[in-house]
Amino acid sequence: ALLLVPPLQTGRIDKSYPTVCGHTGPVLDIDWCPHNDQVIASGSEDCTVMVWQIPENGLTLSLTEPVVVLEGHSKRVGIVAWHPTARNVLLSAGCDNAIIIWNVGTGEALINLDDMHVDMIYNVSWNRNGSLICTSSKDKKVRVIDPRKQEIVAEKEKTHEGARPMRAIFLADGNIFTTGFSRMSERQLALWNPKNMEEPIALHEMDTSNGVLLPFYDPDTNIIYLCGKGDSSIRYFEITDESPYVHYLNTFSSKEPQRGMGFMPKRGLDVNKCEIARFFKLHERKCEPIIMTVPRKSDLFQDDLYPDTAGPEAALEAEEWFEGKNADPLLISLKHGYIPGKNRDLKVVKKNILDNKPAANKKSDLINAPKKAADASNPQNEAKLDEILKELKSIKDTITNQDERISKLEQQMAKIAD
């Protein structure tokens with residue numbers, strides 16, 4: 001099961017607290033959708049991926065029905081990762097050494113990369129605009145893959161010589177950051193240029209602990225946080241264009257070791273307190289938030305700490321991405337604190353298998369549909385259409401009036417506050 005707890009709720013959780021429970025085996029990975037704060041995907045030992053729609057105000061009853069079940073892996077699914085810029089595109093990787101990319105909106109597997117990895121996949125990372133993925137594997141290789149062309153663009157053997165697990169993530173500038181172990185079992189971190197994987201741009205030895213280093217990356221500040229499994233510390237580094245490229249900043253230390261870590265997206269942070277990162281540290285029986293702030297004397301918005309960040313709007317629809325389009329994330333400012341918009345419900349459109357139209361026509365059909373309706377000579381249809389248009393206009397007018405009212409109230413509040 002998954003347990004979904006509001007971030008401000010603390011203390012012991014009641015045994016009868018509602019859960020998300022639909023899998024028949026342990027849940028191995030979860031990922032919140034970057035374009036809808038109410039949607040979460042989970043991969044499990046039962047070989048399925050499930051996508052859940054969480055009610056706006058949280059769960060009051062346990063949720064047992066996922067919006068969609070994605071079945072295609074023959075072994076357990078250990079990795080799920082949403083596409084950073086295209087709506088409803090989800091990647092999953094399993095112990096069958098296959099990577100499947102799904103269109104969650106239709107519940108279909110559209111890309112299946114099942115012959116690229118000969119050994120277990122440790123992790124998968126999308127690049128900034130979601131045109132490439134990089135993977136680390138038990139065969140000590142890091143691969144850069146173009147999923148739509150289904151080809152390996154670059155690969156590096158023995159990225160780290162040691163036998164223990166590695167991790168590889170894309171940075172905003174297109175370089176790849178890896179963590180792993182040397183032949184002497186020392187922990188290493190390295191920076192690579194995918195256009196030339198012969199030698200690393202930078203390679204640093206860390207220590208001889210045997211916990212796998214999990215990298216968490218903030219593309220806005222170019223800071224990488226390394227959390228070792230079983231460590232009780234978080235080290236953080238800044239990545240720059242100048243030598244030594246990876247600059248050690250500091251270490252956060254605590255008494256208890258971490259079993260796992262979660263990372264809050266930038267738009268979930270408190271900009272008024274100069275919070276630049278928030279971790280959720282998993283202990284044996286509890287989860288503890290760790291908040292990192294940059295002390296500033298001024299109460300004003302610190303625009304150097306908060307450059308425009310990826311917002312919740314998707315830059316592309318799933319069909320556009322599968323057809324070959326790319327787009328960078330749509331950025332938003334955090335100047336007035338992040339105000340969440342209305343999330344749309346995730347609707348899954350099951351295709352009619354008997355209707356063998358090519359997928360590319362789907363979009364044009366949607367565009368043409370209203371025209372066809374308008375062309376219909378049936379006066380009943382026309383009357384209905386007029387009715388709908390009138391209703392739309394009245395809704396738009398209501399929204400405009402409410403917006404004006406809200407801005408007036410905000411001005412009044414500001415005056416009172418001053």
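User: Is Lys 393 buried or exposed?
Analyst: Lys 393 counts as exposed, at 54% relative accessibility. Buried means under 20% relative accessible area, exposed over 50% and partly exposed in between, with a 1.4 Å probe and protein chains only. This is a predicted model, in which local features need pLDDT of at least 70, side-chain atom pairs count only at pLDDT 80 or more, and totals for chains, interfaces and linings use all residues. Residues are numbered from 1 along each chain as its sequence is written, and side-chain values use heavy atoms, with hydrogens and water left out.

User: Which residue does Lys 393 meet in a salt bridge?
Analyst: Its partner is Asp 397, at 3.5 Å from N to O. A salt bridge is a side-chain nitrogen of Lys or Arg within 4 Å of a carboxyl oxygen of Asp or Glu. Both residues lie in helix 3 (residues 379–417), 4 residues apart, about one turn of the helix. Helices (H or I, at least four residues) and strands (E, at least two) are DSSP runs, numbered from the N terminus.

User: How many salt bridges in the whole structure?
Analyst: The search finds 20.

User: What does Arg 267 pair with?
Analyst: Arg 267 forms a salt bridge with Asp 37, with the closest N and O atoms 3.0 Å apart. Arg 267 is in the loop between strand 21 (260–263) and strand 22 (275–282), and Asp 37 in the loop between strand 1 (27–32) and strand 2 (39–44), so the pair ties together parts 230 residues apart in sequence.

User: And how accessible is Arg 267?
Analyst: Arg 267 counts as buried at 10% relative accessibility, whereas Asp 37 is partly exposed at 30%.
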